[in-house]
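Please keep the sequence and the model in view while reading.

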Amino acid sequence: MSNFKSKTYDAIVCGAGPAGLMAACTLARLTGGAKNVLLLDKKDPWKEPIFCAEAVSTDRLNALWPIDGSWVRGSISGIYFTSPKGHRAEFYSRDCGSLLDRSKFHRALADGCAAAGVECQFRGLVKSLARLESGDWSLKVSVEGEEEELQAKVVIDATGPGSRLTHGIPELDGIESGDTDLEPAIFAVAEGIKHSREHIELFFGSEFPSGYGWIFPRDGVEVNIGFVLGKDVKLGKSLREKLQEFIGTHYPEAKVKAVYGGMIACGQSTKPLARSGLFKAGDAASCVNPISRSGIVEALLCGKVVAESAKEWLEATSAEGRKAAEESALKRWMGALGKSH
């Protein structure tokens with residue numbers, strides 16, 4: 001018995017982070033359910049979402065997905081910019097930001113996908129991707145150890161930074177790879193750190209070469225504390241050791257509850273976001289703020305514009321029309337945010 005409702009789809013979205021959820025939901029809504037859209041991830045998007053600072057611009061988020069207080073931890077009214085010697089400059093704007101509960105937020109996005117008619121399979125791991133002679137895409141997907149082959153006219157790759165899904169496919173040479181500008185980051189959830197619940201604190205200067213450190217409030221007790229460094233920085237010690245040193249020096253009373261780390265996207269590419277019916281979205285497309293490296297709202301926006309281009313691709317009646325739809329993905333992104341990035 002198959003784990004899927006069909007073997008062929010108009011569009012398959014790979015990855016159920018903010019970019020993939022937004023892309024799948026937007027495409028289904030734009031087509032009024034007339035297109036067969038499948039959303040894949042290897043786990044439920046509300047279980048263990050990629051951990052990050054969780055703070056977003058309230059206005060920008062609300063414009064993309066109306067805010068519901070049930071998945072907001074609190075509000076942010078300012079930022080402290082702190083120098084290596086501890087001098088602070090404050091930016092203040094009341095209720096300018098929101099602190100998300102990522103698990104609840106992703107659940108709301110997934111519910112939106114289901115309501116729009118998206119088929120969601122959150123036990124599906126994409127093992128391989130290949131272009132068929134027909135021009136469609138073939139995906140081998142494993143669901144709890146059982147492998148099936150699916151086909152799609154359009155594939156949206158929203159599998160995150162360093163995406164490997166499209167590597168080694170000749171038809172995709174020259175497309176944004178998502179791994180050309182990755183930087184190391186590490187952060188911890190900790191208690192016992194004096195902070196303002198309504199402020200983000202950012203640390204710049206020699207202590208974090210080519211990057212910055214941060215404290216993001218969470219629930220009034222816990223904070224997210226960490227840093228990102230330039231990709232070519234040589235520390236002479238591990239990231240974990242650097243984080244422990246930073247916390248121990250400045251916040252000796254802190255209690256670290258969990259540590260997370262990995263490579264994050266940090267640049268703004270001008271490479272195409274689509275080719276041959278394959279579209280890139282979010283971190284997989286390096287569509288993040290190159291200064292702050294923030295990516296939640298950026299991922300939502302990129303998912304939206306990619307879905308708009310994918311709809312045009314599916315409705316095109318000629319090769320020229322499909323090529324124009326692919327080119328429109330980067331144009332839409334650059335027009336919305338890419339040029340300022």
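Does Phe 204 count as buried, partly exposed or exposed, or rather, which of these does its relative accessibility make it? Phe 204 has a relative accessibility of 34% and therefore counts as partly exposed; buried means under 20% relative accessible area, exposed over 50%, and partly exposed in between, with a 1.4 Å probe and protein chains only. The model is predicted, so local features need pLDDT of at least 70 and side-chain atom pairs count only at pLDDT 80 or more, whereas totals for chains, interfaces and linings use all residues. Residues are numbered from 1 along each chain as its sequence is written, and side-chain values use heavy atoms, with hydrogens and water left out.

Phe 204 is placed in the loop between β11 (199-203) and β12 (212-217); helices (H or I, at least four residues) and strands (E, at least two) are DSSP runs numbered from the N terminus. Together with Phe 81 and Phe 91, Phe 204 makes a nonpolar surface patch of about 260 Å². Such patches are made of residues with over 30% relative accessible area and no salt bridge, like charges being joined within 9 Å and nonpolar side chains (Val, Leu, Ile, Met, Phe, Trp, Tyr) within 5 Å. A salt bridge is a side-chain nitrogen of Lys or Arg within 4 Å of a carboxyl oxygen of Asp or Glu.

Strand β5 (residues 88-100) contains Arg 94, which counts as exposed because its relative accessibility is 59%. Arg 197 is 103 residues from Arg 94 along the chain, and their C-alpha atoms are separated by 13 Å.

Of the 20 residues of α5, 15 are buried, so the helix is largely enclosed by the rest of the structure.

Finally, the structure holds zero disulfides, a disulfide being a pair of cysteine sulfur atoms within 2.5 Å. For Cys 14, the nearest cysteine sulfur is that of Cys 120, 13 Å away. Cys 14 is buried, with a relative accessible area of 1%.

Definitions and conventions: Areas by Shrake-Rupley, 256 points an atom, 1.4 Å probe, with all protein chains shown as cover.
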